[in-house]
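Work through the exercises below with the coordinates open. Try each task before reading its solution.

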Amino acid sequence: MTMVAGLAMSYACIAALLGEPELLIDFIDEDAASLSMNVPTILAIVVTNLLAIVSLGLLFFSLNRFLKYAESGEMLVDPARNALKRLGVAMVLLYLTTRFVAVVIPMLGIPGFWMENKYSLPLTFVDLDFLYVLVGVVLLALGQALREGQVAKEEAKQYI
């Protein structure tokens, strides 16, 4: 499903570069009258599209890998720890994707957006989507804790 959405968004970006921006405007849920589809805006949307596809793909892949090791009870192995760390990185990338959509694209595509929102813009970086970063950091810390657990398990084996 993620791949289909990514392909549809890619098609919309290519169509916008060729002069048909209506489909792309529908994708980012912006009013057609307020968003000017200049080249920097289209490129920002393309970057956002790629970032979204990469972050969601990494998220699903890492979650699948981690749950495979968790199901078999092998939590203290390197692949499980790496999958958990990749899951944390994917959550941080997902936050960056939401910031691109909420801040960067309107800043590039809506004339006067910066002047109207320059005082409230830093506040938009701390919102409900900030939970993605918090969860990502917690997952990265859990990955480090699994590493320390793995070292402790290896030390315990040496004593026995």
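**Exercise 1: an aromatic pair**

Phe130 is partly exposed, with a relative accessible area of 29%. The model is a predicted one.

Task: Find the aromatic pair that includes Phe130 and classify its geometry.

Solution. 
- Start with the count: there is one aromatic pair.
- Its members are Tyr95 and Phe130, with ring centres 5.9 Å apart. That passes the 6.5 Å cut-off for centres.
- Next, take the planes. They stand at 80°, so the pair is edge-to-face. The cut-off for that class is over 60 degrees.
- Now place the rings. Tyr95 belongs to helix α4 and Phe130 to helix α6, so the pair ties together parts 35 residues apart in sequence.
- Finish with accessibility. Tyr95 is buried at 8%, whereas Phe130 is partly exposed at 29%.

**Exercise 2: the span and packing of α6**

Task: Compare the span of helix α6 with the expected one, then state which helices its buried residues pack against.

Solution. 
- Helix α6 covers residues 130-159, which is 30 residues.
- From first C-alpha to last, α6 reaches 44 Å. The expected value at 1.5 Å a residue is 44 Å, and the helix is close to it.
- List the buried residues of α6: Val133, Gly136, Leu139, Gly143, Leu146 and Gln150.
- Check what they touch. These buried residues pack against α3 (39-72) and α4 (78-109).

**Exercise 3: a salt bridge**

Task: Locate the salt bridge, and explain how its partners are placed along their helix.

Solution. 
- The count is one salt bridge.
- It joins the side chains of Arg81 and Asp78, at 2.7 Å from N to O. The cut-off is 4 Å.
- Both residues sit in helix α4, three residues apart, which puts about one helical turn between them.
- Recall the helix geometry: with 3.6 residues a turn, residues three or four places apart point the same way.
- Arg81 is buried, at 12% relative accessible area. Asp78 is partly exposed, at 33%.

Note on methods
Residues numbered from 1 in each chain as written. Predicted model: local features only at pLDDT ≥ 70, side-chain atom pairs only at ≥ 80, totals over all residues. Heavy atoms only, no water. Helix = DSSP H or I, 4+ residues; strand = E, 2+ residues; numbered from the N terminus. Expected span 1.5 Å × (residues − 1). Buried < 20%, exposed > 50% of the residue type's maximum accessible area, 1.4 Å probe, protein only. Contact = heavy atoms within 4.5 Å. Phe/Tyr/Trp six-rings, centres within 6.5 Å; stacked < 30°, edge-to-face > 60°.
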